Amino acid sequence: MKIGIVGLGYVGLPLAVSFAEAGQEVVGLDADPRKIAALGEGRSYIEDIPDATLAPLTERLRATEDAAELGACEAVVICVPTPLTGSREPDLTFLTEAAATLAEVLSPGQLVVLESTTYPGTTRERLAPILERSGLTAGSDFHLAFSPERIDPGRTDYTVRTTPKLVGGLTAACAERAQELYGLVCDEVVVLSTPEAAELAKLLENIFRSVNIALVNELAQLCDRLGIDIWEVIEAAATKPFGFMRFDPGPGMGGHCLPVDPFYLAFKAREHDFYPEFIELAGKINRAQPAYCVDRIARALNEAEMPVKGSKILLLGISYKAGVGDIRESPALEIVGLLRDLGADVSYHDPFAEELPEFDLRSVDLEEGLGAADLVAIVTAHPGIDYGEVVSAAPLTVDFRGVTRKIEAQNLVQL
Ligand SMILES: NC(=O)c1ccc[n+]([C@@H]2O[C@H](COP(=O)([O-])OP(=O)(O)OC[C@H]3O[C@@H](n4cnc5c(N)ncnc54)[C@H](O)[C@@H]3O)[C@@H](O)[C@H]2O)c1
């Protein structure tokens, strides 16, 4: 089979690799010429895909900027970003632009699948009409389906193959084609009755996480007032073998999914005069968490008789998640901004994110950073760092990730 992938990012590239590894011919289109060039040279820019994985696939996986190549594919999968606008409404610009490009080359009999996370109705109401500018009708002249991506960057226990794949087609035949396509690379494909059900299933998964993270973040703030150790409480509750799922508090939510996706549903709900309160409340609590962390840092400095202004604060981990370099929507960015507003001298160490151009910062050497800091805040607990050493070396440590739970020290503050 010849398969086209539009958007070769965190979602599209691993998918392209999976199809190529399964022996299919894959052509990937991306709007970013740097990604095309990197792949042309066999260089990966995604942590989960080492260069060595790309090396044996050069014959079967090609990246291009030439959309015409999509016309010859039997299936085309769209994996472009679906962010929010400045006013926190869905921004479907990348999707509509990709669809308009595809419409120019669409061929009869092709299967088009949307993987980008979005609100229910996008595939049918937004994508289909643009593709139909080709003169072909969705559901009869070409097949159209939605299949949400469930990838979890940095995770190795579940892969594209072992994570069940959801598909919802515009027609039963569309779903069948999508099932065949994903059957090439996934052990289990679950067929839903409509694209809307598949679109909403993905949002439910992410809203579930957002709501539960907000719950523990709120409890962490309450525990601070009550003088109870939130981590001890969570560990105790997690011993229950049924009816409880563990979520940990932290500095807030980041990445391209959790801070964004719930608002796609809230937007759709508002169109129907429905106001989903769980979603808004969870977003509100999680978005307030970086400011709470800054307050904890300020209190810790105060105890040590230091003002925030002029203090040297080293943040450990700036990306949104341990083991990955993605800084999109990372709560660390807000923490840096708030600390700078208070006059702190902020630096950071992150082996996965070398640069923070927005703040004109570069990751500093850990040892040097620890030596110079008045306070170290563990914002994202990347692997490969000895947090016991950090607590010993730093004059004052604030841990927002619970990685120093087993350490007892006077100069240590835990969320
Ligand atoms: N990253 C995740 O963990 C994850 C997980 C599940 C779902 N998703 C969803 O998948 C979608 C893609 O996310 P991502 O993290 O891969 O984004 P990404 O930014 O890493 O990759 C998207 C790619 O699309 C390219 N692009 C944008 N417009 C284009 C166009 N018109 N034509 C061709 N290429 C274009 C960009 O240059 C970029 O390389 C989003 O809807 C996201 O919500 C992401």
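Predicted model: local features only at pLDDT ≥ 70, side-chain atom pairs only at ≥ 80, totals over all residues.
Reader: Hello! How many bridges join strand 1 to strand 2?
Author: Residues are numbered from 1 along each chain as its sequence is written, and side-chain values use heavy atoms, without hydrogens and water. Strands (E, at least two residues) and helices (H or I, at least four) are DSSP runs numbered from the N terminus, and two strands pair if DSSP finds at least two bridges between them. Strand 1 (residues 2–6) and strand 2 run parallel, and the bridges joining them number five.

Reader: Which hand does the crossover from strand 1 to strand 2 have?
Author: The chain passes through helix 1 (residues 12–21) on its way between these strands. Right-handed means that, with the strands pointing away from the viewer, the path from the first strand over the helix to the second runs clockwise. This β-α-β crossover is right-handed.

Reader: Which residue of strand 3 is the bridge partner of valine 26?
Author: Strand 2 also runs parallel to strand 3 (residues 61–64), joined by four bridges. Leucine 29 stands opposite threonine 64 there. For valine 26, the partner in strand 3 is leucine 61.

Reader: Why is one side of strand 3 and of strand 8 left without a neighbour in the sheet?
Author: The open sheet has eight strands in the order 3-2-1-4-5-6-7-8, with mixed pairing. Strand 3 and strand 8 (189–192) stand at its edges, so each has a single partner strand.
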